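This report walks through a few features in turn. Have the sequence and the structure open as you read.

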Amino acid sequence: MTRISVRVDGVTYSDEVEPRTLLVHYLRESLGKTGTVVGCDTSNCGACTVHLDGRSVKSCNVLAVQADGHEVTTIEGLADGETLTPLQEAFRDCHALQCGYCTPGMIMQATDLLRENPSPDEAYVRQHMEGNLCRCTGYHNIVKAVLQAAGATATGGEQA
Amino acid sequence: MIPVEFDYAAPATVQEAVALLAEHGDDAKVLAGGQSLLPVLRMRLNAPGVVVDISGIEELKGITDEGDAIRIGAGATYQDVLDSPLVSEHLRLLHQAVSEVADPQIRHRGTLCGALAHADPAGDVGAPVLALDGRMVIRGTAGERTVGAEEFFVDIFETAIGDGELLTAVVIPKHTGWGSHYAKFVRVSHQWAIVGVAAAVRAEGGTIAEAKVGLTNMGSRPLRAAAVEQALAGQPATEEALGAICARVGEGTDPPSDLNGQADYRRHVAGVLARRAVLAAAGG
């Protein structure tokens with residue numbers, strides 16, 4: 001067992017973990033952060049995407065020990081209480097989910113995308129969401145939501 | 001799936017890492033970003049007794065200017081490579097190829113040197129590093145040695161890195177001002193190349209003065225298309241002049257046959273991609 005100390009969604013946790021424990025399993029089973037889901041378990045689908053030190057990663061493809069001393073943000077750490085982020089609002093407004101299973105990963109990856117490029121065009125969004133699969137194939141509304149959130153963010157920025 | 005149990009070590013220095021690798025021999029695996037290793041462990045295709053995590057080693061981080069070359073440390077992620085002004089300015093071909101690797105999440109975590117050490121012939125980075133005459137810096141307990149890319153890539157998943165050795169950096173000569181293009185053929189955007197062609201061209205007034213061409217997934221290791229490079233030198237950068245030469249890029253290669261295509265199909269695709277890549281690199 002190896003002792004790790006990880007800050008997850010603003011709270012620091014210290015735990016003994018087996019080195020082979022995947023970050024996604026640590027989040028779900030040790031911390032109860034079940035908002036992050038396991039999709040394909042082959043690092044293809046992106047459903048398990050979280051942020052590690054502010055950048056998106058597939059948490060099924062990272063060991064929990066690799067997060068030692070680092071900061072993780074999950075889908076559960078985005079909203080401020082009941083107040084959703086503009087991107088989460090846009091997913092709701094645009095019906096950007098059908099079964100909803102890919103949604104946590106889609107939102108985490110799109111959050112990273114918008115931080116990197118606050119004013120993306122559609123091609124940029126599609127290209128940077130390539131690591132996230134929606135088995136309902138609801139991609140159009142997902143892209144629409146990301147673009148709408150970008151608009152909202154941009155407008156908010158101007159008003160500020 | 002969950003990996004088989006292993007011991008985990010996170011050395012703070014290269015010296016410690018190399019000592020661990022020497023102690024455990026082929027029972028040890030190096031973990032950098034883990035984007036190739038973790039799938040292998042999860043699917044239990046490999047079950048090392050010890051995993052040596054080099055991601056915390058400060059001396060392996062960074063991308064530096066070495067005068068006539070750029071040095072990319074084993075700790076540098078794909079994203080570090082993409083964000084590096086040195087790479088953008090002097091190694092555009094590498095930048096283009098790295099931007100085609102997998103997807104953003106993988107690029108945030110995976111490392112260039114990790115991919116080179118993994119040596120998947122369908123990976124995108126071997127061909128450009130080979131084409132740009134990259135040299136691998138390998139450290140063992142006996143000291144450091146440098147191996148050219150042609151000698152480094154031995155076979156599928158096999159390199160010149162021996163037991164107890166660590167790839168610490170790749171050093172790539174600057175190709176400032178060269179045109180370049182990486183043409184990748186895939187069915188699914190974030191997947192491995194079915195075929196890829198990496199081309200860098202030094203053009204002088206509409207004529208190809210020098211060309212370098214590397215091939216992805218056209219054999220058990222990245223290949224250099226030396227005969228085509230020689231034939232391209234001195235040619236005008238036009239489709240008519242280049243098309244017939246590039247169509248022969250697959251001659252003598254032994255690409256795999258699988259669900260994505262038979263060997264003869266890959267040789268045909270390689271010719272098409274080579275024409276596109278060289279033309280784009282030559283500004284045609």
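## Ground rules

Domain bounds come from an automatic or database domain assignment. This is a predicted model, so local features need pLDDT of at least 70, side-chain atom pairs count only at pLDDT 80 or more, and totals for chains, interfaces and linings use all residues. Residues are numbered from 1 along each chain as its sequence is written, chains are lettered from A and ligands numbered from 1 in the order in which they are written, and side-chain values use heavy atoms, with hydrogens and water left out.

Rolling a probe the size of a water molecule over the atoms shows where empty space is left. The search runs on a 1 Å grid over the protein atoms alone. A cavity is a set of points where a 1.4 Å probe fits but cannot get out. A pocket is an open set with protein on both sides within 12 Å along at least five of seven lines. Lining residues have an atom within 4 Å of a point. Grid points are joined across faces, edges and corners, and a volume is the space filled by probe spheres set on the points.

There is one cavity of 30 Å³ or more. The largest cavity holds about 40 Å³ of space. Its lining draws at least three residues from each of domain 2 (58-173) and domain 3 (179-282) of chain B. Among the lining residues are His90(B), Arg92(B), Trp178(B) and Ala200(B). At least two residues each come from α5 (92-99) and β11 (179-185) of chain B. Helices (H or I, at least four residues) and strands (E, at least two) are DSSP runs, numbered from the N terminus.

By class, this lining has five nonpolar, four polar and one charged residues. Ala, Val, Leu, Ile, Met, Phe, Trp, Tyr, Cys and Pro count as nonpolar; Asp, Glu, Lys and Arg count as charged; the others, Gly among them, are polar.

## The second largest pocket

This pocket has about 650 Å³ of space. It is lined by 29 residues. Nearest its centre lie Asp53(A), His70(A), Ser55(B), Lys61(B) and Arg109(B). The lining divides into 10 nonpolar, 11 polar and eight charged residues.

Four elements each supply at least two lining residues: β1 (2-8) and β4 (55-58) of chain A, and α3 (78-83) and α6 (104-109) of chain B. β1(A) gives the most, with three residues.

## Two domains in chain A

Chain A is divided into domain 1 (2-76) and domain 2 (86-154). Their C-alpha centres lie 22 Å apart. In contact (heavy atoms within 4.5 Å) are 18 residues of domain 1 and 14 residues of domain 2.

## Cysteines

How many disulfides does the whole structure have? A search over all chains finds zero. A disulfide is a pair of cysteine sulfur atoms within 2.5 Å. The sulfur of Cys40(A) is 3.8 Å from its closest cysteine sulfur, in Cys45(A), so it is too far for a bond. For Cys136(A), the closest is in Cys99(A), at 3.7 Å, again too far for a bond.

Cys40(A) is partly exposed, with a relative accessible area of 29%. Cys136(A) is partly exposed at 27%. Buried means under 20% relative accessible area, exposed over 50%, and partly exposed in between (1.4 Å probe, protein chains only).

## Positive phi

Most residues other than glycine have a negative phi. Asp133(B) has a positive phi, near 60 degrees. Asp133(B) sits in the loop between α8 (126-131) and β6 (135-140) of chain B. Phe157(B) also has a positive phi near 60 degrees. Phe157(B) lies in the loop between β8 (153-155) and β9 (158-159) of chain B.
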